[in-house]
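Subject: Handing over the structure

Hello,

Here is the structure I promised to pass on to you. Please have a look at it first, and then read my notes below.

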Amino acid sequence: MGLKGNAAIVGAAQYKPEKYSTAPQMFHLEQVADLAGRALADAGLKASDIDGMVIHGPQFHEAQVFVPAMAAEYLGLSLNFAEVVDLGGCSSVAMVWRAAAAIELGLCQAVLCVIPSRMAPLAPNEDPSWMARAMRFGGHSTAFGAPEAEFDLPYGHLGQNTGYAMIAQRYAAQYGYDPVAMAKIAVDQRTNALANPDASFFGKPLTIEDVLNSKMVADPLHVLEIVMPVAGGAAVIVASKEVAARARNRGACVTGFGEHLSFKSPTYADDMVHTPIGPAADRAFAMAGIKRSDVQAAQIYDCYTITVLLTLEDAGFVPKGEGMRWVREHDLTWRGDFPMNTHGGQLSFGQSGTSGGMSQVIEAFHQIAGRAGERQLKDCDTVFVSGTGGVMSEQGALILQGA
Amino acid sequence: MSTNKPMPMPTAISAPFWDGLKEGRLTIPHCKSCGHWIFFPRRHCDKCWSQDLEWKEVKGAGTLYTYTLTRVPTLPDFADEMPQKLAVVELDEGVRINTTLVGMDESEIKVGMRVKPVFDTAHSDGTVLLRFTAADNDFPAHIDSTPAALAAASAAQADAAAAAVSKRQVRFDDEAAMKALVSDTYSDWSNQIVVDQELINEFAQLSGDDYWIHTDPERARAQSPFGGTIAHGALVQVLQSRLRVALDFEVVGFNNMVNYGSDRLRFPAPVPAGSRIHARTRVKAVEKLPKGMQMTLEIVTHVVGNERPSVINDLVILYM
């Protein structure tokens, strides 16, 4: 069952994270073309090699429907496979395995996976406050008949912060809670960012005290345990063995994946503190035929510190309920015994909307390809990548291994 | 009058739930095929997919599954509930419900504690929201959190507080005593009043400022960054006359008191229609002039719960 590992990430591009206020404004189609061109150049491939596309559909600026066709037309591509992914922060991981599966099925030979996350220019008649309006309810639907519009929003249950905070509170009641361990996740990741000139917080060291003294947003989450939204955008090229052989980078083969979801609000989860990454990771490891201990680096989706902790436990790296102690006992930096989010994670790299999760995929690729600069791990052939959307609503796992 | 807080829009599927709450009854769908309880309401059982469901009344007894206290409001409109006590309650029937806790101090809240329902009339249209409180709490099962009811309660409180304050008398021409009133500390909060759409409309008519962001709720819901209409800054400014601040002093001995206008007038934060506002003051400066004694009174009006003032007014009063 599953993938044979015959498709690999061979090229990548991502915009350096920037503040929305100062980042260039570009149409999403323009960003897609620009990112695709950069990723192709990175791979050493030609536009004519691309015959598949997986693109982020929700919030696409120039179209709400028919996004792949419009993008193919704009780019000048002829595609044998195209689709839209709508899995929030899990989308990056989800795009890569869909691309790999399409290639192994023989549908296509090279797939562009792309998420534009810079703002588009305002139309001459457009009111600049549209963004504030659009952000008022965040990722929540206010449509008539949407369960969350009817049963969550009137009580003030909205935004991601409070959902993750309530998961953390439930965890605390069941297993105990150590704010220092949670802060250490952010601090170790910051150490990694200090070795990544592209990270938003490059050159800005962080201490556990800084995290614990930062503003409480929703108990028990401090503001420095929460990602900072930035403008960005990212693309990767996934290619068949034949095409990968012509690429200039060492490929990161997709040897395993898993995906799991069953709710939007974690209130309706069977058990709020046993997250969907559990079944997703089990499937990914079984498919790749490797053990947790074979993993040399973990790029764990980190919208919040609690996301990291639960993923480490539920993906099977740490026994359930022992995550806090484990984090204190291990060095999660690129120099450490469990290198994790070696680019700084989104907490220190910045979260560029839905493309934020691509930073984890791209870091895994760069580590495997030996292109991670100062933070390059000595041996890095096998990397675990996770993606998380919503409030632990949809999660995915990838196993990437060097060709 | 309305509020800008999001309110439920019952559907043909869910209406019995909301109708039940209005009657003080908690009813949820129950599957006649497999016995599973279903929340939120649907036409099918999410366990066995049977459509053979019935609405059944339950006691509402449950346990607190989890909660959080917000230190930043999840929407500006919830500032008056800070900290919001967002909670997930698991009813004894097994279903979980997103809700908020009421009538409880932060320190009393514990995951796993027993809770009971509180039926809260949250909107003047009669919408009742289902909140919860500790099972052993001596708290009413029915409350009214419409802005009008809360403002009325605050007025009674403020009046009682004002009656309890003993006012020192300060002669207007006693320069030292007058200057001693200058303080960095604000007074207690005044009573609260509701700035509703009706009031905003009346002010629009009076002033001629009928810009849509104040007067067109439908357009404002679609296009305003505040999710609805907001009051005119000038309206909120003049409403300071309706806000009674209990001061612990009284200036006496003068023949005439003149409102000289304002040294500084700012509208830093919007007042969404339906908000409650309140004010507090401090004496910012006292200066002896040839004509008399001039006092600058800083009056700040806030939407209840919002740290940012909606009006800052440095009111200049001349006592002669």
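Nine strands of chain A form an open sheet with mixed pairing, in the order β3-β2-β4-β7-β1-β8-β11-β10-β9. Strands here are DSSP runs of E with at least two residues, helices are runs of H or I with at least four residues, and both are numbered from the N terminus; two strands pair if DSSP finds at least two bridges between them. At the edges stand β3 (81–85) and β9 (297–299) of chain A, each with a single partner strand, so one side of each has no neighbour in the sheet. From one strand to the next, the twist averages 25 degrees.

Before you go further: this is a predicted model, in which local features need pLDDT of at least 70 and side-chain atom pairs count only at pLDDT 80 or more, while totals for chains, interfaces and linings use all residues. Residues are numbered from 1 along each chain as its sequence is written, and chains are lettered from A and ligands numbered from 1 in the order in which they are written.

Back in the sheet, β4 (residues 110–117) and β7 (residues 232–240) of chain A run antiparallel and are joined by eight bridges. In one of the pairs, I115(A) has A234(A) in β7(A) as its bridge partner.

Helices pack here too. Helix α2 (residues 67–75) of chain A touches β2 (52–56) and β3 of chain A, and its direction makes about 120 degrees with that of β2(A). Contact means that C-beta atoms, placed from the backbone, lie within 7 Å; axes are lines fitted to C-alpha atoms, for helices over the stretch in contact, and angles run from 0 to 180 degrees between N-to-C directions. Helix α3 (residues 91–104) of chain A runs at about 165 degrees to β4(A), and the strands it lies across include β1 (7–14) and β8 (252–261) of chain A.

Now for the chains as a whole. Chain A has 14 helices and eleven strands, whereas chain B has seven helices and 15 strands. The radius of gyration is taken over C-alpha atoms, and the globule rule is 2.2 Å times the number of residues to the power 0.38. For the 403 residues of chain A a compact globule would have near 22 Å, and its 20 Å agrees. For the 320 residues of chain B the rule gives near 20 Å, but chain B has 25 Å. The C-alpha trace of chain B spans about 90 × 45 × 30 Å along its principal axes.

Best wishes

Key:
Two residues are in contact if their C-beta atoms, placed from the backbone, lie within 7 Å.
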